[in-house]
Amino acid sequence: MAAPRPAAAAPSGALETCSLEQILEALKLLLSPGGSGSSSLQNTKHDVLLETLKSNLSALETKFLKDAQWKKLKVLRDEIAHRAEWPQNSEDITWIFTSQTLLLLLCLKETMTRLVADFSPGKPNPRTPEAAPALSPDTLSVSQQKTFQSVLQFVVTLGVCPYLMPGVGVPLRDRTEFGAVVQDIVRLEAGPPPTRRLYTCCRVLLDLTQHASLGSLVFCHHFGDIAAGLCQLGFCPTKRKATAPVEEVLTEEERSLSRGALRDVLDQVYQPLAVRELLILQGGPPQSCTDVKTQLRCRAPAWLRRLCGQLLSERLMRPNGVQAVVRGILEGAGAGAAGGTDAEATAADWKKCDLIAKILASCPQQSLSPESYYKDICPQILDLFHFRDQLTARQFQRVATTTFIAMLRERPELAPKYLLQPMLAPLQRCLDTAEIPERDMVPGTVLVTEEELSQCVEDVFKVYVVANEPLPVLLDSLLPLLRVLFSLYSFTKQSVSHIRSLCQEILLWILVKLERKKAIASLKAISGLDKAAPALHPQCQFKAASQGGILISIKEAISSDDEDEALYQKVSSEQIQMEHLGDLLSHCQECGLAGDFFIFCLKELSQLVVENEAEFKPKPSCYASLLELEQHQVLLIEDRERKLLVLQLLAVLCERMSEQMFTHVTQVVDFVAATLQRACASLARDAESTVGSQTLSLSMGLVAVMLGGAVQLKSSDFAVLKQLLPLLEKVSNTYPDPVIQELAADLRITISTHGAFSTETVSTAAQSTLNKKDPDWKTEERPQSSHDTSTEVAQSRPEQEQTPVRTGPGFREPSTSTSQPPGSVTTEQFREALSAAYDPQVPTRAAALRTLSQWVEHREARALEEQKKLLQIFLENLEHEDTFVYLSAIQGVALLSDAYPEEILVDLLARYDSGKDKHTPETRMKVGEVLMRVVRALGDMVSKYREPLIHTFLRGVKDPDGTHRASSLANLGELCQHLDFLLGPVVHEVTACLVAVAKTDSDVQVRRAAIHVVVLLLRGLSQKATEVLSDVLKDLYRLLKHVVCLEPDDVAKLHAQLALEELDEIMRNFLFPPQKLEKKIVVLP
């Protein structure tokens, strides 16, 4: 460090006899407190301080003269004083005291330097406890460091702060009460001049810093005051109106030395500390202050502000300068690096972040050009995102994000080049438009490492999503990478990765923030409809990495034998990506983007229908070469792929989107318009289809629903609806179906009159559409419209729905919402339902069975009176081969058994226990399903029927039919779950049965069922298993271990392993019960 010339070294002989303890004792003597006066007046405090300084100086001189042990120290001090170049005598007692203190500090420094130079530690013996290295002789103890710090505080208070100009540093008067007293007792008019005093103190303090341990103690607490003094000494303008100009006191060489010392000190100290102290010296903006002294304190001189700005810019331009500036501003008072804990601290943090962003975004004057500045600074800003420490990273991320956005706004022509491109480089490197070097095209080469890709995705998430500033430059920079990001998102959906949620949030953010046309174009590119959009390079692939992330590597070469597998992988990957696109769009329904993209796909489908007329057909005679024929075939294949892709997209969207996909009338109108256009295109080709007619009817039904009052339409909505008039007119004139023609004409009239005139056809179509959407829909009473027909239809509909009637060949099942109250089923309705239960039409029979089941569930008196007849009907329908029929019958028998278990359960058990000669195995299986539902419905009441149920199921385990044995075991497991302690009398029988079946049965399904019964038994009993199964628990454990070790079937092994885990959990809780904090209160007699 270039510092002012230090004092001359003392002779070696004197240094040899001086000890650190003696020098520090002398310093402590100078700091000894004097007697405190009884008065608290200011003048008395001044006098007390002056008397204390005089008495301490006198005591020190007396000690030097009378104590022989201090003689060597006195010689050392005198020699250093003799070689000192500053005046030591003065009429000001404060300066005399400061001079003597500085001399003793120099003695301390020289002594410590000499002791280290003469120190030669011996080699430690590793076999003894004293194996640690010897302590350096210049090491200060804790108490000695405190003494040194106190001496430094006196030196700075008496020798530096009083001589600083107003506005330079923090005034001494504003620091402590003692500082105000010192400010008043210093005599500036006495010699030497104040500037010379300041120069001397700064010189000695810098000389002390040449010793490592002393330098850290000096800079730790007093760097700001030393820097303020050096700024004033080296940079204060010389032309001033003061009575003692600076040039008369300091030479130009001394001023130059001060300037060099300042820069060396700034380079030497901890950079955030330097930044913070320079900001303090620079001061804040001007404030409205009435007091003159306050005004001087609030505003630093202009030359100092310029100097601090220049020095701060130099700190910023250094390596890691951005981090130093950020730490210097964030650390210290107020909210720290981890952020504040209350609202005020958090607000202060954001203000600091904005301040740092403005500082970093502004190009300093010292920089050669804005481009060179951004080239040096931007990599450091990107590094702020990558701190591993969470407390530091949270605040630094705020700064980096705010600075990132500020630089993009300040320099939109430079920031993308030096900020966005480096950040997005890992994704841009693997685009199909990028040129990959030949050396990197070797199969298996890692193009983007796991760390690079994870860091890139995290940075993009912080800059785009967290900052949430949709600047055009940000949106445009990410558009070319959307297909790669979506491919990455789709890959993470197939595995577990920590970047999946980040990719999803990034994609959703940009799709929502983009203009709707650009968002649709982006979805078009993501889905593959836009082949020109940049995508993942065909030779690149995503691979799972070792740390839970993803990497990008070059694909392995595909052999001729693997071409079919590669084609299958490609097709399945495209299908999966379509499903993931549907999942992504399911989050965009509220903003309307999903609906708009669905309409876009419908329009694409209509366009494909039109283009189908001009389908390419090979004409060999017209082609001049095989190349043209090949090009024709390629175009034909691409056209087919596009059609299949559009159909695939529509299928996925229809499957994944909910009914809230359309958020406003315009989207519904666009949907209907696309459907009408497709219908008109089909009419032009004479290609009418049943599906097309149904779609057309549904779309026009939606318009009828809106016009019928389901949506409150405004005049602006009718303006949008008028877009359908030309298409409706074309359909009404050309469509062959007269019903659709009439509906199109009536809709056209209703839209043209803004709903003032509406026909019965429109109301009927609206109600029909609502019924298709929800069969249980019931029209509510609506206000009177301008046309009476719609009101009459709405009022007549509930009357038609009160009684279920046959509609053609079918039987209508009454809905839950429109069913009659208990006791209102008439004899005619009941007979009709009984008759329909034997109808040869499957839908009619199934609907009748479900109706009878609902009546039993609701305890209809008419149905309960005929319980035997109903049971006979349900049991006969169990024989039906149609799934819908026999499942409805199973539900009916279960509900009937729940109502009358004693009468019906016996009959069911007899059927289940019968042989093959009476009932087919399928029927017995269906009865078993009924019994399982009955056991579940009875719950705890099943204990009443324990004996017949258990005996029947145990007999069923011995049945020759393996399927029946498995069914009996499944029912046995369901029953054991509900018996709890009532299982005790038969637990040995059940256990013996399970052990025998699991070890000896030849059917693997039966062995699986037996082990599953053990799982259900342990799971149902839970902590009660140790009591209920106490006698057989060891047998069950041996059985499970036997199955795990010897069973060849993997499924049975899995069931056994699950049972062992249940048993392990039960025993752990039994042996080590959870500790509960309970307070037992006992009432004494």
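**Close-up views of the predicted model**

View 1. An open sheet of 3 strands is arranged in the order 1-3-2 with antiparallel pairing, where strands (E, at least two residues) and helices (H or I, at least four residues) are DSSP runs numbered from the N terminus and two strands count as paired if DSSP finds at least two bridges between them. Strand 1 (446-448) and strand 2 are the edge strands, each pairing on one side only. Direction ignored, neighbouring strands of this sheet are turned against each other by 45 degrees on average; axes are lines fitted to C-alpha atoms, for helices over the stretch in contact, and angles run from 0 to 180 degrees between N-to-C directions. Helix 19 (residues 450-466) lies across strand 1 and strand 3 and runs at about 125 degrees to strand 3. This is a predicted model, in which local features need pLDDT of at least 70 and side-chain atom pairs count only at pLDDT 80 or more, whereas totals for chains, interfaces and linings use all residues. Residues are numbered from 1 along each chain as its sequence is written, and side-chain values use heavy atoms, with hydrogens and water left out.

**View 2. The hairpin of strand 2 and strand 3.** Strand 2 pairs with strand 3 (residues 550-554) in the antiparallel sense over 5 bridges. Within this pairing, Phe-542 has Ile-552 of strand 3 as its bridge partner, and Ala-544 stands opposite Ile-550 in strand 3. The hairpin has 5 residues between the two strands, and Gly-548 in the turn has a positive phi of about 90 degrees.

View 3. On a 1 Å grid over the protein atoms alone, a pocket is an open set of points where a 1.4 Å probe fits, with protein on both sides within 12 Å along at least five of seven lines, and lining residues have an atom within 4 Å of a point; grid points are joined across faces, edges and corners, and the volume is the space filled by probe spheres set on the points. Of the 46 lining residues, Lys-555, Lys-570, Ser-573, Glu-574 and Gln-577 are the closest to the centre of the pocket. Two or more lining residues come from each of helix 21 (482-493), helix 23 (516-527), strand 2 (540-544), helix 24 (563-585) and helix 26 (626-656), and helix 24 gives the largest share, 14 residues.

**View 4. Asn-320 and Asn-468, two residues with positive phi.** Asn-320, found in the loop between helix 13 (302-317) and helix 14 (321-330), has a phi near 60 degrees, a positive value in a residue other than glycine. Asn-320 is exposed, with a relative accessible area of 54%, where exposed means over 50%, buried under 20% and partly exposed in between (1.4 Å probe, protein chains only). Asn-468 lies in the loop between helix 19 and helix 20 (472-478) and, although not a glycine, has a positive phi of about 55 degrees. Asn-468 is partly exposed, with a relative accessible area of 37%.

View 5. Not counting residues up to four places away in sequence, Gln-22 touches Gln-69, Trp-70 and Leu-73, contact meaning heavy atoms within 4.5 Å.
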